[in-house]
Amino acid sequence: QAIVQAASTMSNATAKNKSIVVFSDDLDKAIASFVIANGAAAVGSKVSLFFTFWGLNMIKKQNPEPVSKGFMDKMFGFMMPRNSKKLKLSKMNMWGMGPKMIRNVMKNKKIESLESLIQQAHESGVEFIACTMSMDVMGVKKEELLDYVTFGGVAAYLERAEESNVNLFI
Amino acid sequence: QAIVQAASTMSNATAKNKSIVVFSDDLDKAIASFVIANGAAAVGSKVSLFFTFWGLNMIKKQNPEPVSKGFMDKMFGFMMPRNSKKLKLSKMNMWGMGPKMIRNVMKNKKIESLESLIQQAHESGVEFIACTMSMDVMGVKKEELLDYVTFGGVAAYLERAEESNVNLFI
Amino acid sequence: QAIVQAASTMSNATAKNKSIVVFSDDLDKAIASFVIANGAAAVGSKVSLFFTFWGLNMIKKQNPEPVSKGFMDKMFGFMMPRNSKKLKLSKMNMWGMGPKMIRNVMKNKKIESLESLIQQAHESGVEFIACTMSMDVMGVKKEELLDYVTFGGVAAYLERAEESNVNLFI
């Protein structure tokens, strides 16, 4: 009896978590990431999002204080979307018309915007981890990211994945 | 003895299923999705494919009855691949030459076409779920999708993922 | 007691492995794949990488012996990156400037190059499986791939995935 309980507790403890590596900063993939994260959080899963490479762009503050950067870091910053509102579509981007269309349609059909989805994720206790190696490569500073973001490397990701039964790379 | 059996039954019950979020409509990723799905179905796994965003394009009927749509929905329909035969490659698309090359090579090397892979998946009992939120955003109507497709939101996906030991996002 | 041990052994045996389908040959995704693989191997996981489609390009030898190929196979070979050093970025490729920038930044910040990451993965016992169906489609010959690569189809992948608790598609 005790054994069954122990087994079932263990399996519950390890079975409910979800982890997503958010690698892309395509608007459509960002929406997919947060819809899945929020859906899982809504049914009680602990969800960890690990933002790496381009994914960092969607957790940048809308109006950050200016930070001092070296030349290359500035170049990267200049070329990448400044925040979630500037993301492009993976297809049919059409020089920015595609994202506007999608955002308009979502508004008209009463679907939450990406920014609400992000806010909602935070409020539901979804964990936001920024990949420190990517921050280093792309010259992204801690001050530029949303205040509730935490920081970690691949070990932090693997720990979350180890305890999750659903692990996605988006 | 009973306990071991219970544990092993439980683990069998939850261990065999597979879920794939089919997000992309690139021909190459479509082929990968169905090869994995069919491979898993062949060894007895229950496989659920969740078609979201562009992924919806590969489960459109080849010759659908015309459906009436609003302006934006028509625009989206006009810009997206009409069905699986119109998919592009994620790389080397070369204005449509790439997909023709890949399809030709596959035919010459006696590898099933995407359309056969899809039909085979259906016949092996692979579950096709169309994401209703994406359908709403992209103006895709139920009548446009293959008859055996079912409909669901993120909750339907998460239920399948919860019971699967392999969960991919493609 | 014995039962608990059995259960825990079983769960250990099946819980530690990791599998990654390496589908893309984008430099950024290649780096992500190997950072995750090496991270997992470092904490004792058995990691299997299944290289399919474009992913094959990153496990090509730097200086292969010439192999004889048919016309279409030659065409594909001509259009695809010749090896890991020729990979492009998924974004901001800028006719090859993007990859050079990323590689430079990584060097300056003392992050391992993709080539070191690959070598390190091999030395840590990460398994490299080349997808034979993709090799067939894209005209890639065994002699062109790194000597320690093994060969398999979707069944080989599914076997690894079945025994893994983290399965990614990159």
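**Charges and contacts in a predicted model**

At 55% relative accessibility, Arg82(A) counts as exposed, because exposed means over 50% relative accessible area, buried under 20%, and partly exposed in between (1.4 Å probe, protein chains only). This is a predicted model, where local features need pLDDT of at least 70, side-chain atom pairs count only at pLDDT 80 or more, and totals for chains, interfaces and linings use all residues. Residues are numbered from 1 along each chain as its sequence is written, chains are lettered from A and ligands numbered from 1 in the order in which they are written, and side-chain values use heavy atoms, with hydrogens and water left out.

**A positive patch on chain A**

- Arg82(A) sits in the loop between helix H3 (71–79) and helix H4 (97–108) of chain A. Helices (H or I, at least four residues) and strands (E, at least two) are DSSP runs, numbered from the N terminus.
- Together with Lys85(A), Lys86(A) and Lys100(A), Arg82(A) forms a positive surface patch. Patch residues have over 30% relative accessible area and no salt bridge; like charges are joined within 9 Å, nonpolar side chains (Val, Leu, Ile, Met, Phe, Trp, Tyr) within 5 Å.

**Salt bridges**

- The structure holds 36 salt bridges over all chains. Each is a side-chain nitrogen of Lys or Arg within 4 Å of a carboxyl oxygen of Asp or Glu.
- Lys109(C) pairs with Asp73(A) in a salt bridge, with the closest N and O atoms 3.2 Å apart. This pair crosses between chains, from a loop of chain C to helix H3 of chain A.
- Lys109(C) is partly exposed at 26% relative accessibility. Asp73(A) is buried at 9%.
- Lys109(B) and Asp73(C) also form a salt bridge (3.2 Å, N to O). That pair crosses between chains too, from a loop of chain B to helix H3 (residues 71–79) of chain C.
- Lys109(B) is partly exposed, at 27%. Asp73(C) is buried, at 9%.
- Asp73(C) has a salt bridge with Lys141(C) as well (3.6 Å, N to O). These two residues are 68 residues apart and link distant parts of the chain.
- Lys141(C) is partly exposed at 28% relative accessibility.
- In chain A, salt bridges link Lys46(A), Glu127(A), Glu159(A) and Arg160(A) in a network.

**A buried threonine in chain B**

- Thr52(B) lies in the loop between strand S2 (47–51) and helix H3 (71–79) of chain B. At 6% relative accessibility, Thr52(B) is buried.
- Beyond its neighbours within four places in sequence, Thr52(B) is in contact (heavy atoms within 4.5 Å) with Val21(B), Val22(B), Phe23(B), Cys131(B) and Ser134(B).

Terms used
Accessible areas come from the Shrake-Rupley method with a 1.4 Å probe; for residues, only the protein chains shown count as cover. Lys and Arg count as positive and Asp and Glu as negative; His and the chain ends are not counted. The place of a charge is taken as NZ of Lys, CZ of Arg, CG of Asp or CD of Glu.
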